[in-house]
Every structure is written in C-alpha cells, then in structure tokens.
Amino acid sequence: MANIPITVDHHHDDLKSPLLPVSEHPIERPESTQQQFFLRSILTPNNVFILLGPLLCLVICLCVKLDGPTSSRNMLAVMAWVFEWWMTEAVPMPITSMAPLFLFPLFGIASADDVAHSYMDDVIALVLGSFILALAVEHYNIHRRLALNITLLFCGDPVKPPLLLLGICATTAFVSMWMHNVAAALLMMPVATGILQRFPVGPAQSDQVNKFCRAVVLGVIYGSAVGGMSTLTGTGVNLILVGMWKSYFPEENPISFNKWFFFGFPSAVLIFFALWGILCCLYIKRGSAQALSAYLDKAHLKRELQVLGPMSFAEKMVLSVFSMLVVLWMTRRLTDDIPGWGALFKGRAGDGTVSVMMATLLFIIPNKKQPGEKLMDWNKCKKLPWNIILLLGAGFAIADGVRTSGLAEFLSKALDFLEETPYLAIAPAVCLVSSIITEFTSNNATTTLVVPLLIQIAKSMHVHPLLLMVPGAIGAQFSFLLPTGTPSNIVGFATGHIEMSDMIKTGLPLKIVGIAILSLLMPSLGAYVFGTDKTMQLLWKS
C-alpha cells in the first residue's frame, strides 16, 4: 500500500484552544446590575430560612430569661434552631439531625461523648438490623409475591370490590408492620397501580372504576401508616417514644417489642377496619363489581404469580431469618411470672441485639445462585435510610438535653395549672394537637417536640407519663390530610389517581376515629399492658 502523506492542522488540534469562540471584548455588566444579581443570589427564601435558625437561637439567648440554670435557656435556643431547620428543610434533614453533635458541646449542654452516645444505642441497632432485613425482602421480590398471593385470595370470582380493597390494604398494613412506612408504601404502590393498569383511563373510565382506583391508592398510603403503629419497627415515631422513655426513666422496665405489640396491634386493627369502612362508604359504589369484572379477574393475578416462578432457596432463607427475628422479639420478655429468653443474659440483650444478629446471618448464609455469594452483601445495603437513623439519634439527643439541662424542670413548673385537669379531657386534646402539628412537619420531628412536653404535663398532673406519651406519639402518625404530611402521602399523590380533596374527605373522619379509639384504649388496655395504674410516687422520684 502506498504511503499517503497526511497533513495535520496543528492549529485546530491545539488542546489549549477553546471549543467555542471567545469574544475579545467580553460583555461587562454595569456595576449596579452585578450588585442586583449578587443580592438576588444571596437573598433566596432558602438562605433566609438558613439564617433564621441561628437568629432565633441568638434572640432567645439574649432576650429570654428562665428561672433555672443557663443551660436550660441554651437548650431552648438550640431547640428553636434545630426545629426551624427541620420544619423549613432549609438544610437537608439528615444534616440538621447531626447539629446537636456540635451545638450541645458549644452551648454547654452536654459533652461531645454524651451527645454521640445518643446516636448509637439499642434502639438504633434495632432500626439498623430491621432495615437490612427489609432490603433483603425487597431485593428478592418477596413483598411482591406476598402481595399477589393475598390479593389473589381476596379477589373473588366474580370480583368483589370491598374484599379486593381489603386484601390490598391488609397486605400493605402487614408489610408496614415490619419495615418503615415509607418503604412499605414504595413497595406496595407499584403492586397496587399494576392492578389498576388493567382499567381504562380518560373518558372511557367509568365513575365506579375511577372511585375504586382512588380507594386503592388511599388504602395503600393510609394502610402503611396504620400498620406501622402496631410494631416498634413499623415507624420511627414508636422508636423515638421508646428511646425517650428509656432516657427519662432508666430505672423503669423498658418498652419491649412484645409489650408495644400487645397494645399497638389491637389499636391498629380497630383503626384499620375504620379505614376500610370509610373507603367502602365513600368510594365503593353500586355497580362497582360489574364494572371491575370486565377488566380484572383471577387469571391476571395468577399469570403475574407464575412469572415470579417458585420460591427460590434465597427467598425461603430470608423468610426464615425474618420469622426467627419476630419470634425472638416476641419472646425476649414475656411476663413478670414467665421470663423470656432475655433472662438467660440477665437483661444485657435487647431487641437491637437480636435484630443485628439476624441481619448478620444474611451476610453468612449462601444464596445458592453464584458460588460464594451470600444472601446479602454490603453493596445491597447502600440504600440504608441513614436519614431516618440520624433523625432518631437527634430525637434521643434532644430528649436527653431537655432533661439534663434543667429545661424539663422549668416546663414542669410552668404547667402546674394542669394538675386539676381530668385525664379524660386532656388525652384526646393531646392526640389532637399532635395530629395537627404533624400535618405541617415530619412525624418524627413532631414526636421529638411533643413527647418531652407531655412528660412534664404528666408530672404536673401526677399521672403515669405513658398515659400522655403514647396518645401523643401515635397521634403524631395521623398525618392524613395533606400530601406533604408524610412521604407516604406524596407516594400516593404522585400516582395521579387522587386529589387533595380525596385525602381530606377520607383523612378527616379517619383522624377523628383514631383519636377516639386511642382515648378509649389507653386508659383501659394501655393501663393493663403498660402498668399505668400503678402508683407514681416512686416513678417520679426516680
């Protein structure tokens, strides 16, 4: 082959030459325009909210005088800073949740080691282990298999809309018992919308089908919230409550998994059936069965289940580990007369102990898919919701700060007027206040703010603190009215099947029923489960 000379234009190959032509005379903005541009970039709403937190803190430190140590005033100032950032989300919530790690030492509230301890205790270990197990369930598609089986069971032939709605809602509530509410909603919403995709859209969709679609989406978002109430691992609110109880009353018996379950599960069941009844009354209209039967039958569900194939060894092992964990949670502490397996370790083992132990097994047991591959590896754990874990830690740190700084004592004196208030009147009010606040801020932030105040109110009234703490914490989970009330609501709202009017129409009666159920169950079932009928003298002295 002849050698053909190639000429190269070195001018165009110069790597330093700009890709785009540059003007020799760049456009210069007038100085006044530059200043306006600079001011606009600085004075954004987000930056104003960022500055508002430290400003509130400064104003309280300079202007507020409390009848107590300086640390109590500083604690109030720090709380104003942190809660303002939480409510406005001016700074990402996980970063705000770490603020106590530097604010508490700087303001003389607690040492760095004491604050850091709040971010890793048995409750946090319980959350970590549970989230790892939830990721394993999601990775192996176990949630979808479970949903299809239960929906197939409730579908009916021909289709019975109330039963099908019950199956979808019950599945969501059951899944939410063992993983975070938002995770349960995210896992179940594709299953629910997958069923709804069988129906026509637009003008061809009948009113009966449209209302059923709305009911299914509402059932998923509210079912995840109700299911999360029944177990400690269902939502961060329950864990914050347990952590605060342990922090304020370390000499008392901790609230174990099974103790909470014995109260939370019956409460959740009653609220769940109220939810189902409300959805059926509002959205299941006459002729719905005939309208749905044209598009949905058992054959469709069976085909989806067949696509998943038989359960693999990995799925069976994840379910086995999960079942073992639930059994260990339930049997660690039974009754005063019948101690659980925790007595073998003289109380040194907690719910977090077994949670992490069972999660560790997932990294040891092979999945029998690839040689040497385990059920889980750390790459699959990159989706761990560290934001929730840090938020829990911040809640525990603030609870400790309120108690140790002297702010709790000041609040106790300021609430002496509540001593004469009857419990039957204040308990529904506590639940109502929590359920209103939680519509405008996160459930966890509401609990962190309200529960320490309720402890002081209970002290002023000389009643057991759990009589107010439990309704206040569960009430913080009744964020049923606004799409922004909780991320679960946003998951449902994003599907396009529901509007804000649907949430208000369903959420308002559900909120009222929930408050009524808690107000009745707490003095009756709660007194038996939590032992709130015992004398308070020794408790308050501790």
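Helices are taken as DSSP runs of H or I of at least four residues, numbered from the N terminus. The structure is a predicted model, in which local features need pLDDT of at least 70 and side-chain atom pairs count only at pLDDT 80 or more, whereas totals for chains, interfaces and linings use all residues. Residues are numbered from 1 along each chain as its sequence is written, and side-chain values use heavy atoms, with hydrogens and water left out.

Of its 33 lining residues, His180, Val182, Asn387, Ile388 and Pro487 are the closest to the centre. Helix α11 gives the largest share of this lining, five residues, and the helices that each supply at least two residues include α11 (181–196), α19 (386–404) and α24 (487–493). By class, the lining comprises 17 nonpolar, twelve polar and four charged residues, where Ala, Val, Leu, Ile, Met, Phe, Trp, Tyr, Cys and Pro count as nonpolar, Asp, Glu, Lys and Arg as charged, and the others, Gly among them, as polar.

Elsewhere, the axes of helix α14 (residues 257–283) and helix α25 (residues 500–530), which are lines fitted to C-alpha atoms over the stretch in contact, with angles running from 0 to 180 degrees between N-to-C directions, come within 9 Å and cross at roughly 155°. Helices α14 and α25 are therefore roughly antiparallel to each other, a term applied to angles over 145 degrees. The contact of α14 with α25 involves 22 nonpolar, four polar and three charged residues.

Methods: 1 Å grid on protein atoms, 1.4 Å probe; cavity = no way out; pocket = protein on both sides within 12 Å on 5 of 7 lines; lining within 4 Å. Parallel < 35°, antiparallel > 145°, perpendicular 65-115°, else oblique.
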